[in-house]
Amino acid sequence: MSRSVKLTLGLIAVAAVVFAGFVIFLDPKEDQADSSEATGAATGQLVREDSPRLSEGGEAVFVEYLDFECEACLSLYPAVEEIRAAYGDRVTFVVRYLPLHGNSVEAAKAAEAAGEQGEFEAMYKALFENADEWSHQETSQREAFFGYAEELGLDMERFEQVYDDPATLARIEQSAADAEALGVTSTPTFFVDGERLEPTRVEDLTDPLDAALEG
């Protein structure tokens, strides 16, 4: 195996099952068309200057369009974390938003507000790791998100200001608009160096990273 650190077999098995279930719901023709439109996507649209990053300065750029309330995103979160650990600072990991559920926008606002204080990654993890508490609820989960911010020791006045700032919502809406322009209609959707991936197994994410780093 070419990569220096490989994923655990358990995560590969879990992610493979999730991928298999995910692709069943895709229209192959539609997905293929979307992929063609997004192939070689302009970096300026796929990754904007203000797009949140989980790591910076890598030789390859890995982008995930996600929804914090998405079951497939949640199921793949451990695998993505394992990939991040394996590739470290050799890869820039970028998060884009495509909110598709009731509290998805609010969750993204919480991530953005935490990011303003340098704690995007911590909130990103808190949202996924506590998803069973707040996701798929009919009422606003603002209180839960503010609770996570308090647990992270954030300045709550600043957090609330950014959370409620129309500019924060505008960034999330811009991300969703970029997704539409790129033909992204579902989450998670992944890109490596501007090329949209069509994964059915974990290696379909890591092999392009290996190729990008070797190239």
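In this predicted model, Cys73, Leu74, Tyr77, Val80, Glu81 and Arg84 of helix α4 meet Glu121, Tyr124, Lys125, Phe128 and Glu129 of helix α6, where contact means heavy atoms within 4.5 Å. Helices (H or I, at least four residues) and strands (E, at least two) are DSSP runs, numbered from the N terminus. By class, the contact of α4 with α6 has six nonpolar, no polar and five charged residues; Ala, Val, Leu, Ile, Met, Phe, Trp, Tyr, Cys and Pro count as nonpolar, Asp, Glu, Lys and Arg as charged, and the others, Gly among them, as polar.

Residues are numbered from 1 along each chain as its sequence is written. Because the model is predicted, local features need pLDDT of at least 70 and side-chain atom pairs count only at pLDDT 80 or more, while totals for chains, interfaces and linings use all residues, and side-chain values use heavy atoms, with hydrogens and water left out.

Helix α6 (residues 120-129) also packs against helix α8 (residues 142-151), and the table sets out both pairs. Axes are lines fitted to C-alpha atoms, for helices over the stretch in contact, and angles run from 0 to 180 degrees between N-to-C directions.

| Helix pair | Angle | Axis distance |
|---|---|---|
| α4 and α6 | roughly 140 degrees | within 10 Å |
| α6 and α8 | about 130 degrees | 10 Å |

The angle makes α4 oblique to α6, and α6 and α8 are likewise oblique to each other; angles under 35 degrees count as roughly parallel, over 145 as roughly antiparallel, 65 to 115 as roughly perpendicular and the rest as oblique. The crossing of α4 and α6 is left-handed, whereas that of α6 and α8 is right-handed; left-handed means that the near helix is turned anticlockwise from the far one by less than a right angle, and right-handed that it is turned clockwise. Met123, Ala126 and Leu127 of α6 make the contact with Phe145, Tyr148 and Ala149 of α8, and by class this contact has six nonpolar, no polar and no charged residues.

The structure also holds three cavities of 30 Å³ or more, and about 40 Å³ of space lies in the largest cavity. On a 1 Å grid over the protein atoms alone, a cavity is a set of points where a 1.4 Å probe fits but cannot get out, and lining residues have an atom within 4 Å of a point; grid points are joined across faces, edges and corners, and a volume is the space filled by probe spheres set on the points. Among the residues lining the largest cavity are Val80, Arg84 and Tyr124, and β2 (91-97) is one of the elements that supply at least two lining residues.

Methods
1 Å grid on protein atoms, 1.4 Å probe; cavity = no way out; pocket = protein on both sides within 12 Å on 5 of 7 lines; lining within 4 Å.
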